[in-house]
Amino acid sequence: MIKLLSLLFLIALPFFDSEAQKTAVQGYIYDIETNEPVPFINVIFKNSVVGMLTDSTGYYSLKTEKYVDTLLVSGFGYHPVELPVVNGKEQEFNIPLVPNSFALDEISVSPDDGPVRRLLEKMVNNKSRNDPANLKSYSYRRYSREEYRVNNVTDRMKNSRFFRSADTNIFRYDDDSTRYMPVHFSERVLFNEHQKNPERVRSTIEAENITGLGMLEDTEISGFASQLDAGINFYNNSMEAFGQNLISPASDNGWFYYNYYLMDSVKTDSGKNYKVRFTPRRSGDNTFAGYMTIEDRYYAVKSVTAEMTNTDHLNFIKDVGFTITYDLINDSIPFFRKTEINATVDYMPVEIRKNQERVELKFSMLHSYNDISVDLEEPIELSHRSLTYETVRKRDSRNRDEKLWQQVRPSNLTISELEFRAAIDSVNQLPLIKYMDNLANMFLTGYYDLNYIGIGPYDQLLIMNEVQGTQMFIGGRTNSRVSEYFSLWGGVGYGTRNQKWLWRAGGGYRLPTQRRNIFQAEYRNDFITIGENEKILLLYENKQHTSESNIISHIFKREDLYEVHRREQMALSVESEVRTGFSIKSSGKWMRMHSPPFFPYTSDGNFIDSFDAAELGLNLRWSWRERYMDYGYRRVYMGSPDPIINLTLTGGTSSVDDNRKEYFNIHSSLKHYFFIGQTRLDYAVESGAIFGTAPYPLLNLARANTTYGSMRYNFNMINQLEFVHDRYLQTYLEYRLNGFLFKRTPLLRQTGLREVVSAKMMIGDISDRHSYFLNYPLELKSYNSEPYVEVGFGVENVLRFFRFDGIWRVTRSDEAPRFGLRARMEIRI
């Protein structure tokens, strides 16, 4: 999604223009005979789920950005009304209702939710039996189709010199005359097998056909693409999607979040199907409006049509809707039959002109399930007995002929869908698209693609500190066009103040095996911050390098950076993916750390020019159900719903002058998140211990943030070299309330702002034995062994891209600030 947003932003921003098609209606419903307001009247746009009940004053208010032309008004005891509306306009209708005539002296009508309560109670009581995820074992074949398109293409964009010479077929039109440009079309056939006890999941990619805009076609999303899970399941109390926790209308405590109305019942051969309408009790919750159908034999959910009617608090998400259909297998066991998801992503940070139409990204996905089997006769066998799940790709999965696709599609592609797919090839040939695609790819990978090599990393082109002055660096690496299996990289730089050259060179090879096996070798002669090491890469897994110094950090620095020294390093590593979700990396390293100009090394009163160290390391990494994208040799991690755990064991020897000492380092990290209702807690923990004796730059130096930017895994309110430990525990917490307070505050309700509470804590200690080897820096504080705590309160989703935090240092400080304001740019839904 980040790649899509980046690409969309770059392509569409220069052409943003046009008028909107927003439809909004409001008014009051009243009794034509008594002139009294009528509460609990159903008001809805025809052929949509956008609707509500009038309040106690008879008031209603609806808005939508979809095409609508009719308003339906209905309620018990009144004749229904259909009212034409003008699409794309704001209108007000005060609507009189005509009472039905009854041949009764008097009738008293009051709302009665007893029948729907009893129906939902039986549905909830039978969820355990009816939920497909609770089956002991099952398998199915699933056809999936995804489409992405840039919507609301303006005349200015279409007639610009960038698109003027393009094939006119690259722009398509909807039935409502909306102009759009296709950017992605994919089809997949998967055969998924699930077993509950012992847990075994295997997903086989049988066929795949991807046509995408630039990098959207070149990448493979493993785990995410194979969709080991069954997708959206409304039997769950909540569903994770778009980084949010969405509350299901079939939740056990659904009445807390929803209003329910029994709308209709239909007789079937086996009983009745009941149609239930649900609407949010409160605006701002991650809830839906729509309908679900429940049958009365097993009280199973047969279908759900749901749409989020209020997405103001969701960043970028303009609207999202789901249609899920379940079937009864063997006439008794509910299982998925069809899933449709439609969403619109609006990236623009502000509305420049009222009623302005937004250039946006529309996404649609279809899942169709066939060949369903439950209670499998044979246990599922994976490639290794220690595995719990794996993804397997058939060798010819990307080369299946059209005959196969015609057999597996639930229906043949329409002429419009065939033209949609063909248009993408034409779009890919446009020079502007190629250039913007390279920029968007650079934001994700750090490198700008020039055919066979990438130039970067871009954040290292200019670095400024008090040792080097201005460091200029130019680097590059080969890409998958050169080889899917090996890569070469390197670069050279120069410091203007110290007039020193720096360089790096390396290469790696990936074995042509199904599981990932990587060999790497690298030499570096560069300048780093004292204490900088690879531990940060265990938390920022896609970070290109260990340095956190760049031109942006220099612009927003709160103090000058003096704690820099020269490092020479040779490293060899072998990384092996033992099984899905578990990998081992072995490494060997030699280092020479030169004395920092402003913090010279000393030992027994003597100045030390440098010290050497050599070490062997072993890293074990667990990442269950992780999603990632493979770019040939390289991999980009997309996160996991389960904890990501690293355990690193390092043994080494170091020498200062002629004095040699040994050390052993144990380091572990854990990173995870979970939802508490609609709020989200992200946390990470690092801990470790160093045994033996080592120079202090090889100990754990707490990562300090010396800028006015906010860094997730750095301590924002400490100075460099303030804390040094050989035993340590560090925690990082971010609790996102997702607008829980702001959505209930009148002046802030419509802003879309969201609250973030954060805390970072550290406790550690250090032995004097290391100081006899290499003296500790004078900046080390007397409270080094005392706990450190900082807390913050922030506001995110400011102009869609920005977050601002106020951070307080709770514990003792001699020189570092006690309070500070920090900012961060981030793309988060």
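This is a predicted model: local features need pLDDT of at least 70, side-chain atom pairs count only at pLDDT 80 or more; totals for chains, interfaces and linings use all residues.

User: What makes something a cavity?

Analyst: On a 1 Å grid over the protein atoms alone, a cavity is a set of points where a 1.4 Å probe fits but cannot get out.

User: How do you know which residues line the largest cavity?

Analyst: A lining residue has an atom within 4 Å of a point. For the largest cavity that gives 33 residues, with T529, E548, A704, N714 and Q720 nearest the centre. Two or more lining residues come from each of β26 (462-465), α10 (551-555) and β41 (700-701); β26 gives the most, 3 residues. Those element names are DSSP runs numbered from the N terminus: helices are H or I with at least four residues, strands E with at least two.

User: How do the lining residues of the largest cavity divide by type?

Analyst: Into 10 nonpolar, 16 polar and 7 charged. Here Ala, Val, Leu, Ile, Met, Phe, Trp, Tyr, Cys and Pro count as nonpolar, Asp, Glu, Lys and Arg as charged, and the others, Gly among them, as polar.

User: And what lines the second largest cavity?

Analyst: It has 15 lining residues, and E577, G581, R621, S623 and R635 lie nearest its centre. They divide into 4 nonpolar, 4 polar and 7 charged. β31 gives the most, with 3 residues.

User: Why are β39 and β40 called paired?

Analyst: The rule asks for at least two DSSP bridges between two strands. β39 (residues 659-676) and β40 (residues 679-692) have 14, in the antiparallel sense, so they qualify. I676 stands opposite T679 in β40. The hairpin has 2 residues between the strands, and G677 takes a positive phi near 65°. β40 also pairs with β43 (residues 727-736), antiparallel over 10 bridges, with G688 opposite Y728 in β43.

User: Why is the F185 and F420 pair called tilted?

Analyst: Rings of Phe, Tyr and Trp (its six-membered ring) pair if their centres lie within 6.5 Å; planes under 30 degrees apart are stacked, over 60 edge-to-face, the rest tilted. F185 and F420 sit 6.3 Å centre to centre with 55° between the planes, so the pair is tilted. F185 is in strand β11 (residues 179-195) and F420 in helix α8 (residues 415-428), so the pair ties together parts 235 residues apart in sequence.

User: Are F185 and F420 buried or exposed?

Analyst: Buried means under 20% relative accessible area, exposed over 50%, and partly exposed in between (1.4 Å probe, protein chains only). F185 has 0% and F420 has 2%, so both count as buried. Q750, in the loop between β43 and β44 (754-765), has 56% and is therefore exposed.

User: What makes R680 count as sitting over a ring?

Analyst: The test wants NZ of Lys or CZ of Arg within 6 Å of the ring centre and within 35 degrees of the ring normal. The charged end of R680 sits over the ring of Y673, 3.9 Å from its centre. R149 sits over the ring of Y180 at 4.0 Å.

Terms used. Residues are numbered from 1 along each chain as its sequence is written. Side-chain values use heavy atoms; hydrogens and water are left out. On a 1 Å grid over the protein atoms alone, a cavity is a set of points where a 1.4 Å probe fits but cannot get out, and a pocket is an open set with protein on both sides within 12 Å along at least five of seven lines; lining residues have an atom within 4 Å of a point.
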